[in-house]
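Here is a short report on a structure. The sequence and model come first.

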Amino acid sequence: MRMKHKFNLFVIGTLIFIFGASATAAEKPRPWKIAVLIAQSGPSEDQTIRGLRDGLKALGYKEGKNVVVEIHDLKGDRSALKPAAAELVKKGFDLIFTTGTRATQAAMEATKQIPIVFRHPADPVELGFVKSMKQPGGNVTGVAAFSGQMVERRMEILKEFVPGTRRLYIFYDSNNAFARENYANAKKAGAKLGLEVADRSIKSPEELKNALNALQKQDGDAIFEVSDDLVESQADLIFETARLKGMPTIFEGADWAVRGSMISYGANYQQMGRQAAGLVNKIFRGEKPMTLAAERAVKYDLLVNLRVVNAIGLTIAPEILKKADKVIR
Amino acid sequence: MAELADAIRKIPIFSSLSREDVAKVLGKLEEISFAAGATIFRQGDKGDAFYLIHSGTVEVVLESGGGRMETLAVLGPQDSFGEMALLSGEPRSATIVAVKDTTLWRLSREAWNDLIEKHPVWLLHFCALLSKRLAHAEHQYSTGRDAFNSLAEEFYGTRRAEEKRFFRHAALLNTLDPETMDFLLDAEGSKSLLARVEVTHSPLIRSVDGGKRELHGFFRDLLVEKLLAEEGQETKERLHARIAAQYEALGDWAQAVHHRMAAREWPAATALIAAHRDDLLEKSARFLKDTLDRIPPDFFYADLRLVHIKADAMARLGDFTGAVRTYKEVISQRGGTAGNEGVARYLSMANALVEKRDYPQALNSLRSALQLMDKESSTLGADATEIYWEQQRAKHVAAAAPEPAAAQGAPWRTFCSALLGYCRHASAGRWIGGILGLAVWAYFWFVQPEIGLEPAATKQFGLLCLTLIYWAFWVFPDYGVALIFVLGLILTGLGPPDEVLSGFASTTWFMTLGVLGLGAAITTSGLFYRASLQLVRFFPLTYYWQIIALGFMGTVITALIPQQTARTAISSQMLLNLSESLGYKTPSKASTGLFVATFLGLGQLGFLYLTGSTSNLLAWGLLPKDVRAQFTWGYWFLAALPPALIVIVIMLVAIIFLFRPESQSQVSYKMVENQLDILGPVSKNEWVTLAVLVFMVGGWLTFSYHRIDSAWISLIGICVLINTGVLGWGMVKKGIDWEMLIYLGATLSIPAVLTKAKIDQWLVSFIAPVIMPYVDHPAIAFVIIALFIYALKLIFTSGLAVITLTIVLIPLAAEMQISPWIIVMLILVATEVWFFPFQVDWHTLASATTDGKGFSYRMMSRINPIYALAYLIAIIAAIPYWRYLGLIG
């Protein structure tokens with residue numbers, strides 16, 4: 001009897017162990033898989049992704065353990081965007097994170113089910129990414145910088161740092177609706193502030209190079225950038241030309257001054273990445289993008305590249321310079 | 001006087017002189033008197049005069065080993081002595097003691113030489129005299145030998161077999177020490193056997209100093225004959241080798257060398273001589289010279305160390321002409337001065353100095369000529385560290401009893417230096433580096449670990465790791481490793497060729513080419529040497545003024561010649577001569593002080609000028625384009641001047657305190673003037689070089705007016721130098737450091753490649769957390785960076801530390817809101833620090849050029865901690881100035 005009792009205890013114990021172990025195995029969640037879709041990476045994309053990773057880490061995620069972040073950088077190959085987005089859907093990612101207009105549009109076309117979180121420089125409602133900031137209404141939500149609303153602010157900054165500014169050259173891709181919209185906003189803001197805006201629409205890098213070579217700099221001229229993929233892909237050329245021709249440059253986005261713009265002003269993309277990580281976390285915890293309010297960028301940075309200032313022969317008063325969040329020396 | 005003249009004419013050897021010649025001889029004779037019992041000279045002394053006995057009596061005494069004295073002859077009035085040493089150049093063969101009060105006439109070696117030159121017939125008289133003396137000695141020798149041989153044969157024939165064997169082996173020893181005999185001969189009971197034989201057969205064995213015994217020469221000869229007959233030549237050599245090893249264990253280097261030579265083990269004998277050269281020179285220069293004479297010529301001429309040691313030994317014996325001849329023979333054997341202007345200059349300087357009878361400086365010049373021939377490529381800018389390691393290896397070949405290397409002062413320094421240097425220089429270290437590099441590369445390439453980089457970037461990082469490891473372990477030459485890196489990128493498709501090789505078409509590359517060409521022209525045209533001498537002459541020739549002059553000279557010259565090795569190698573010769581002119585021993589505290597002062601400007605302040613070192617040019621090339629445009633030659637100098645001035649002041653004070661001369665200097669401009677005379681008027685090449693120099697520096701300084709890039713100004717300069725023949729084809733090939741240019745071209749694109757792959761940002765993410773907390777306190781951040789570099793330099797060479805840190809730390813500049821140039825300056829300043837000789841190549845080359853006579857590393861290393869401190873102070877003190885320039889926020 002005692003022997004039988006012992007045998008029963010052994011069988012029960014073994015079963016508990018086996019079921020317990022299998023239950024543990026079943027409960028162990030597989031890592032969340034995030035695909036980052038980028039049309040072409042630049043400083044702003046790098047900052048955003050760094051912020052996203054930092055944010056996820058701060059929320060308790062560990063890369064490689066309970067979350068996987070896979071970068072898909074198409075290095076400027078626009079035609080590859082749609083197939084790439086479709087491929088991501090096929091691979092079964094839990095979430096697609098996008099930076100830039102085209103990448104977000106490609107992801108939206110590829111899926112209506114997989115949640116998409118964007119980091120967008122402008123107004124996502126205008127472009128139809130979300131119905132409203134509070135109620136996105138689909139599988140898309142994200143963080144937006146509303147750069148259009150910052151155009152006027154950037155012009156004010158330029159006038160403050162270079163008081164003699166009278167005319168702004170704006171290069172933009174006339175094939176890009178978003179860029180056209182940005183240009184239109186800039187033109188309005190310029191008129192309001194008494195600045196002449198010179199239209200330099202282009203369609204390709206070659207046209208941009210020709211337009212830059214043709215620039216005849218006069219006193220009070222400056223290059224003003226509005227958010228545009230094509231123009232940003234040729235930023236180094238613009239900076240070099242501006243330096244040689246002695247023209248101030250102001251770019252949208254905080255880190256362009258590090259690359260060679262005289263001034264850059266824009267949302268802090270790293271912070272936007274962190275904000276996006278918060279949205280990702282909420283989606284992983286069960287909230288639906290449809291009802292998850294999109295957010296506005298909370299931090300904007302002003303950077304001044306003093307080397308460029310000196311190289312083009314300008315001087316900026318110390319009290320003005322103090323207004324910069326960061327000075328590149 | 002008439003009495004003296006008559007006395008001289010009565011002497012047979014002077015009888016053929018005319019009255020006029022006798023008068024001349026009279027003018028050169030010095031009368032000296034000795035009391036009875038006084039020693040006139042000793043056996044083994046340098047032969048510096050010939051003597052005639054005017055009155056009195058002297059005895060000629062032969063001192064044999066162990067202090068035994070034997071009177072060979074007694075000489076009286078009109079007899080002469082001392083001619084043997086003057087004729088043969090050998091030391092005195094006997095001791096001369098005055099038996100009664102004696103008056104002598106002394107004829108110096110110089111006067112003797114003059115007379116022999118004018119009256120060659122005298123030599124016949126002396127030959128006859130020597131023949132007579134030899135015949136007398138031979139007669140005595142033959143008679144004695146027959147008697148001894150009978151006795152020895154009888155003794156040997158009556159011994160037991162093991163005793164016979166013992167004596168055969170003992171015959172190989174010069175002296176028999178009962179205390180060490182058993183050890184040396186691997187025998188037992190030697191002590192009691194010797195004691196027994198000494199009592200019964202005293203003529204065969206006799207006591208000498210220190211309780212030792214000596215076999216009579218005839219007896220030894222007999223025993224050696226028996227040894228060869230019964231055991232053969234091979235056994236004899238094997239026995240010598242074993243005895244040599246035992247002597248090495250006992251630390252008796254002279255005996256060890258003697259037996260190695262007898263065993264015909266030339267490499268081992270050479271290694272011992274090189275390792276214990278000072279000891280052997282000090283104890284017996286004669287022995288050393290004789291030993292080196294016995295080394296086969298092929299072996300002797302192939303090893304420069306032996307040549308230097310022989311010349312030193314001859315100089316110590318007073319035979320300067322022999323030392324000069326030795327050097328000239330070697331230089332001639334190695335192809336003379338053909339195609340090497342530097343060697344030709346040193347040689348002509350040596351000839352001029354010989355004519356002026358300034359033998360020590362002539363020997364210095366010859367030594368430098370030979371070193372320059374041997375290490376020609378190193379002299380003009382290559383791998384002097386290899387020379388150091390060759391020297392160190394040589395010093396440690398005598399494995400049985402390694403002495404602390406001269407470079408180190410304490411056991412811990414020796415240990416650290418050996419450990420850290422091992423990785424770089426031992427062939428095992430290279431193998432380890434080679435395998436490690438491949439393993440790390442394979443790990444990143446094939447395993448693709450998740451490290452926060454994209455797959456392609458991870459592969460690039462693997463290739464970068466391989467490159468860094470190969471550089472750090474010196475697996476291949478640094479420029480070869482750089483080529484592996486670029487080829488790796490191109491062949492694997494990780495980087496497009498035009499991008500990866502863009503460094504070869506960059507303005508930095510052409511700027512460096514021009515600057516290297518100018519440096520070669522300045523050094524080979526003699527302009528540098530002349531300028532150095534003029535500067536030295538400009539200041540008073542006292543120790544402290546010369547310290548300031550040399551510091552100043554170095555600082556000026558540094559602006560013009562970017563290769564530290566070339567600067568220091570060429571100036572070290574002048575410094576050695578200067579030190580000797582000031583009457584200081586070499587090496588000594590004072591001579592080391594002079595070198596330290598020179599190295600302050602020539603080596604340690606390279607960061608002061610954009611063209612101050614090849615590392616500067618490399619770091620400048622790695623800066624962002626707009627920063628390069630901002631930091632023209634002139635602006636770099638302005639921005640770097642304050643920290644340099646602070647270092648100069650601190651170090652000059654430290655040198656004056658730390659290297660106070662042991663004795664007062666003997667003020668003389670003779671050396672400087674001699675050398676300026678020899679250089680003659682300014683040559684055409686010097687004028688052309690000077691004009692190009694003025695053009696280039698002027699062009700760099702006036703960039704803001706003409707807007708012509710520094711690179712094109714440099715290229716115009718080198719174009720003129722080539723087309724005017726100042727830089728001949730040989731100099732273009734040898735004088736320009738093409739290895740450096742390959743290295744530069746291959747590495748300049750690294751920052752762009754890393755930025756594209758985002759590896760730079762990834763690296764910054766590791767460093768930023770350490771530095772960024774102190775971003776508002778640049779002094780603390782700078783000190784942290786500097787200390788990190790001090791540590792890194794224990795593993796990396798200066799060039800490698802500069803390139804690695806520049807690439808890694810420049811992205812941090814934007815975060816810290818400072819100019820990237822500040823980061824570069826921190827790196828360049830901190831990489832100047834060295835604690836161990838292997839960390840600096842130009843020092844080692846200077847040491848090799850002066851054959852270790854210029855300075856002592858042990859003494860020089862006292863200054864190192866002060867340098868480390870001075871650099872930190874300078875960096876911190878410069879912060880307000882850099883803030884004023886807008887380089888720091």
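This is a predicted model: local features need pLDDT of at least 70, side-chain atom pairs count only at pLDDT 80 or more; totals for chains, interfaces and linings use all residues.

Residues are numbered from 1 along each chain as its sequence is written, while chains are lettered from A and ligands numbered from 1 in the order in which they are written.

Chain B holds an open sheet of four strands in the order β1-β8-β3-β6, with antiparallel pairing. β1 (29-34) and β6 (80-81) of chain B stand at the edges with a single partner strand each, so one side of each has no neighbour in the sheet. Strands are DSSP runs of E, at least two residues; helices are runs of H or I, at least four; both are numbered from the N terminus. Two strands pair if DSSP finds at least two bridges between them. Two bridges join β3 (residues 49-55) of chain B to β6(B). Leu52(B) has Ser80(B) as its bridge partner there.

The chains also meet. 16 residues of chain B contact 15 residues of chain A (contact: C-beta atoms, placed from the backbone, within 7 Å). Helix α32 (residues 625-630) of chain B gives the most to the side of chain B that touches chain A, with four residues.

Thr98(A) lies in strand β3 (residues 95-99) of chain A.

| Thr98(A) item | Value |
|---|---|
| C-beta neighbours inside 10 Å | 30 |
| C-alpha separation from Thr48(A) | 10.0 Å |

Thr98(A) counts as buried (20 or more other C-beta atoms within 10 Å of its own, C-beta atoms being placed from the backbone). Not counting residues up to four places away in sequence, Thr98(A) touches residues including Leu37(A), Ile116(A) and Phe118(A).

Definitions and conventions:
Two residues are in contact if their C-beta atoms, placed from the backbone, lie within 7 Å. A residue is buried if 20 or more other C-beta atoms lie within 10 Å of its own, exposed if 12 or fewer, and partly exposed in between; C-beta atoms are placed from the backbone.
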